[in-house]
Amino acid sequence: MMMNWLRSSKTAAVFLTLLRLYVGWKFLTAGWGKLSGGEPFDASGFMKGAIAKTAGERPAVQQWYGDFLQGLALPNVDVFNFLVPWGEFLVGIGLITGTLTTFAAFVGIFLNFNFLFAGAISSNPNLILMQFFLLAAGMNAGRFGGDYWVVPWLRKRTQALFRSKKPLIKSPAA
């Protein structure tokens, strides 16, 4: 009953739009702050701090995540220095405009969980909870946004692509 209301009600769509705008603004400003700051964004200090939090009697960061940061993220910090601010900024744009809302909410949840795993509590649990509502609402979360036009257009193009008899990839022998 609740899921049906969340996924189809216009009243729910209004609530979801307000929620979407708030969460989108939080992501947009976080990403923009990293992109436009005086110094280039550098996640290495944050990563090293998270790795340090894996030690002690009551570690704030689990060892498996510290190992991920130490073995993969820190050696490739330049990739993360690009992905984090642009990911936050684009999630914000997607949520504010209501375009590809479900995907934007999913990426936002992914980012927030990674910040949580690294020991940064902040507003991450609240944002995750709000984004789960957006994700669960599906198309209704973007009803009053770009999804109203973009999703039907994408569905039509995707269906046409899979209905065509043309192969997606031409074989070299042809």
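H6 and H7 are roughly antiparallel to each other, a label for angles over 145 degrees. This is a predicted model, in which local features need pLDDT of at least 70 and side-chain atom pairs count only at pLDDT 80 or more, while totals for chains, interfaces and linings use all residues. Residues are numbered from 1 along each chain as its sequence is written, and side-chain values use heavy atoms, without hydrogens and water.

Helices here are DSSP runs of H or I with at least four residues, numbered from the N terminus. Two packed helices are described by the angle between their axes and the distance between the axes. Axes are lines fitted to C-alpha atoms over the stretch in contact, and angles run from 0 to 180 degrees between N-to-C directions.

| Pair | Angle | Axis distance |
|---|---|---|
| H6 and H7 | about 155 degrees | 9 Å apart |
| H2 and H5 | roughly 150 degrees | within 7 Å |
| H2 and H7 | about 130 degrees | 10 Å apart |

H6 passes H7 in a left-handed crossing; left-handed means that the near helix is turned anticlockwise from the far one by less than a right angle. Contact means heavy atoms within 4.5 Å. On the H6 side, the contact includes Phe106, Ile109 and Phe113, and on the H7 side it includes Leu127, Ile128 and Phe132. By class, this contact has 12 nonpolar, five polar and no charged residues. Ala, Val, Leu, Ile, Met, Phe, Trp, Tyr, Cys and Pro count as nonpolar, Asp, Glu, Lys and Arg as charged, and the others, Gly among them, as polar.

H2 and H5 are also roughly antiparallel to each other. Their crossing is left-handed. Residues of H2 such as Trp25, Leu28 and Trp32 are among those that meet H5, whose partners include Trp86, Phe89 and Ile93. The classes here are 16 nonpolar, four polar and three charged.

H2 covers residues 10–36 and H7 covers residues 124–137. Their angle makes H2 oblique to H7. This crossing is left-handed. Leu16, Tyr22 and Phe27 of H2 take part in the contact, as do Met130 and Phe133 of H7. It has 10 nonpolar residues, one polar and two charged.

**The largest pocket**

Rolling a probe the size of a water molecule over the atoms shows where empty space is left. A pocket is an open set of points on a 1 Å grid over the protein atoms alone, where a 1.4 Å probe fits, with protein on both sides within 12 Å along at least five of seven lines; lining residues have an atom within 4 Å of a point. The largest pocket holds about 630 Å³ of space. Of its 30 lining residues, Val84, Glu88, Leu111, Asn114 and Phe115 are the closest to its centre. H6 gives the most to this lining, with six residues. The lining has 20 nonpolar, six polar and four charged residues.

How values were computed: Helix = DSSP H or I, 4+ residues; strand = E, 2+ residues; numbered from the N terminus. Parallel < 35°, antiparallel > 145°, perpendicular 65-115°, else oblique. Points joined across faces, edges and corners; volume = space filled by probe spheres on them.
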